[in-house]
Amino acid sequence: MTDFTSSDTRGHKHGHTKRGTEFLVYFSIIFIVAIPFATVIWLLEVFQKQTLNMQGPLARAWCEADRITPLIFSA
């Protein structure tokens with residue numbers, strides 16, 4: 001006989017969605033703010049190294065947002 005009384009699944013989905021949405025909002029804001037800075041740094045490196053064989057500005061902004069956003073939630 002299976003006991004279903006110990007598995008309470010209420011409330012877990014709502015809490016996860018709220019945190020996921022909040023995380024996505026912060027990630028998006030940081031990503032949008034990081035794009036101009038990443039573009040300037042990318043252009044400087046293109047002129048210094050004279051090659052396009054490196055990460056582009058959007059990839060750099062994505063990495064920065066991916067690095068900074070979890071720091072906000074861990075504090």
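Reader: To begin, is Glu-45 buried, partly exposed or exposed?

Author: Glu-45 is partly exposed, having a relative accessible area of 22%. Buried stands for under 20% relative accessible area, exposed for over 50%, and partly exposed for what lies in between, with a 1.4 Å probe and protein chains only. Please note that this is a predicted model, in which local features need pLDDT of at least 70 and side-chain atom pairs count only at pLDDT 80 or more, while totals for chains, interfaces and linings use all residues. Residues are numbered from 1 along each chain as its sequence is written, and side-chain values use heavy atoms, with hydrogens and water left out.

Reader: Which side chain meets that of Glu-45 in a salt bridge?

Author: That of Arg-60, at 2.6 Å from N to O. A salt bridge here is a side-chain nitrogen of Lys or Arg within 4 Å of a carboxyl oxygen of Asp or Glu.

Reader: Where do Arg-60 and Glu-45 sit in the chain?

Author: Arg-60 belongs to helix 2 (residues 57-74) and Glu-45 to helix 1 (residues 12-49); they are 15 residues apart, and the pair links distant parts of the chain. Helices are DSSP runs of H or I with at least four residues, strands are runs of E with at least two, and both are numbered from the N terminus.

Reader: And is Arg-60 buried or exposed?

Author: Arg-60 is buried, at a relative accessible area of 16%.

Reader: How many salt bridges are there by this rule?

Author: The count is two.

Reader: A change of topic: which residues make up the largest nonpolar core?

Author: There are seven: Phe-27, Ile-30, Phe-31, Ala-34, Ala-38, Ala-61 and Ala-65. Helix 1 and helix 2 are the elements that give two or more residues to this core, and helix 1 supplies the largest share, five residues. A nonpolar core is a set of buried Ala, Val, Leu, Ile, Met, Phe, Trp, Tyr and Cys residues joined through side-chain atoms within 4.5 Å.

Reader: What is Ala-34 in contact with, leaving aside neighbours within four places in sequence?

Author: Ala-34 then has Ala-61 and Glu-64 as contacts, where contact means heavy atoms within 4.5 Å.
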